[in-house]
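Subject: Structure handover

Hello,

Here is the structure for you to open alongside this note. My findings follow below it.

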Amino acid sequence: MLISDIRDEIISEIGQDTSDTDFQTKMLKYMKSALRRFPRFARNRMLVSTKSGSLSAAASTMSLPDTIVSVRKCWYQTTDNRRVEITRPGTDTFTEEYRGNGSGAPNYFIVRQDTVEFDRPADQAYTIYFESFIEIDDVAAGDTWAHSNDRAEILKDGAKMNYYVQDAEDMEKGSFYADLFAKNLKLLEAEYLREEFPDYVEES
């Protein structure tokens, strides 16, 4: 399914003309706005991706790769492809472990806005990998929707919310779709908790 297919479904369902190119552009904007809310209000495997960046020799900081919202895990790989995880402690522990005068492989890291700081200057160049929750709003009409159809329905609810509030100024319908959108984002979060924590009990 293409992003344009989902867009046209939304346009048809709200009773507008699917051939109106100006409205197509407007609806794509509403879809992007809805997609920006996914990683902010729900954790889910559909939002997880692995990004990488370079840590230079003798450096103790690097830029966080683009589109990352929050980091789940961080690691580097040895020459024999063994993964070595880098721990993310609390700020106090990181401060205690920081060794600015020595050098070596990174053991700890902390994220400060768009910068990743490590506990010591690197003894060599490293490729650092981040398993992260990412932004998914950078889409074009011709892109393929990479997730399941039920996730597309959540996107449609969010786009309709934006349309009715910002364009049609129908607050009743806007509130209806806002509630539906929020409810389904919570279901995505609950699904994540069940997968990550098998003993998780969902509140009734």
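Start at threonine 67, which counts as partly exposed because its relative accessibility is 31%. The classes are buried (under 20% relative accessible area), exposed (over 50%) and partly exposed in between, with a 1.4 Å probe and protein chains only. Threonine 67 is not a glycine, yet its phi is positive, about 75°. It sits in the loop between β2 (61-63) and β3. Helices (H or I, at least four residues) and strands (E, at least two) are DSSP runs, numbered from the N terminus.

Before going on, some ground rules. This is a predicted model: local features need pLDDT of at least 70, side-chain atom pairs count only at pLDDT 80 or more, and totals for chains, interfaces and linings use all residues. Residues are numbered from 1 along each chain as its sequence is written, and side-chain values use heavy atoms, with hydrogens and water left out.

Other positive phi values

Most residues other than glycine have a negative phi. Glutamine 113 has a positive one, near 55°. It lies in the loop between β5 (109-112) and β6 (115-118). Glutamine 113 counts as exposed because its relative accessible area is 76%. Glutamate 169, which follows α4, also has a positive phi, near 55°.

The sheet

Four strands make an open sheet, in the order β1-β7-β3-β4. The pairing is antiparallel. Two strands count as paired if DSSP finds at least two bridges between them. At the edges are β1 (48-55) and β4 (83-85), each pairing on one side only. From one strand to the next, the twist averages 40°.

Look at β7 (residues 126-134) in particular. Eight bridges join it to β1, and the two run antiparallel. Lysine 51 has phenylalanine 130 of β7 as its bridge partner. Threonine 50 stands opposite glutamate 131 in β7. Strand β3 (residues 68-77) is joined to β7 by seven bridges, again antiparallel. Valine 71 stands opposite serine 132 in β7. As for cover, seven of the nine residues of β7 are buried.

The helices

Take α4 (residues 149-167) next. The expected span of a helix is 1.5 Å times one less than its number of residues. The 19 residues of α4 should therefore span 27 Å, and the end C-alpha atoms are 26 Å apart, which agrees.

Helix α2 (residues 21-41) meets α4: their axes come within 8 Å and cross at roughly 115°. Axes are lines fitted to C-alpha atoms, for helices over the stretch in contact, and angles run from 0 to 180 degrees between N-to-C directions. Contact means heavy atoms within 4.5 Å. On the α2 side the contact residues include Phe23, Met27, Tyr30 and Phe38. On the α4 side they include Ile154, Leu155, Ala159 and Tyr163. The residues of this contact divide into 12 nonpolar, four polar and four charged. Here Ala, Val, Leu, Ile, Met, Phe, Trp, Tyr, Cys and Pro count as nonpolar, Asp, Glu, Lys and Arg as charged, and the others, Gly among them, as polar.

One more residue

Threonine 91 is in helix α3 (residues 91-97). It counts as partly exposed because its relative accessibility is 45%. Threonine 91 and glycine 15 are 76 residues apart in sequence. In space they are 52 Å apart, C-alpha to C-alpha.

Best wishes
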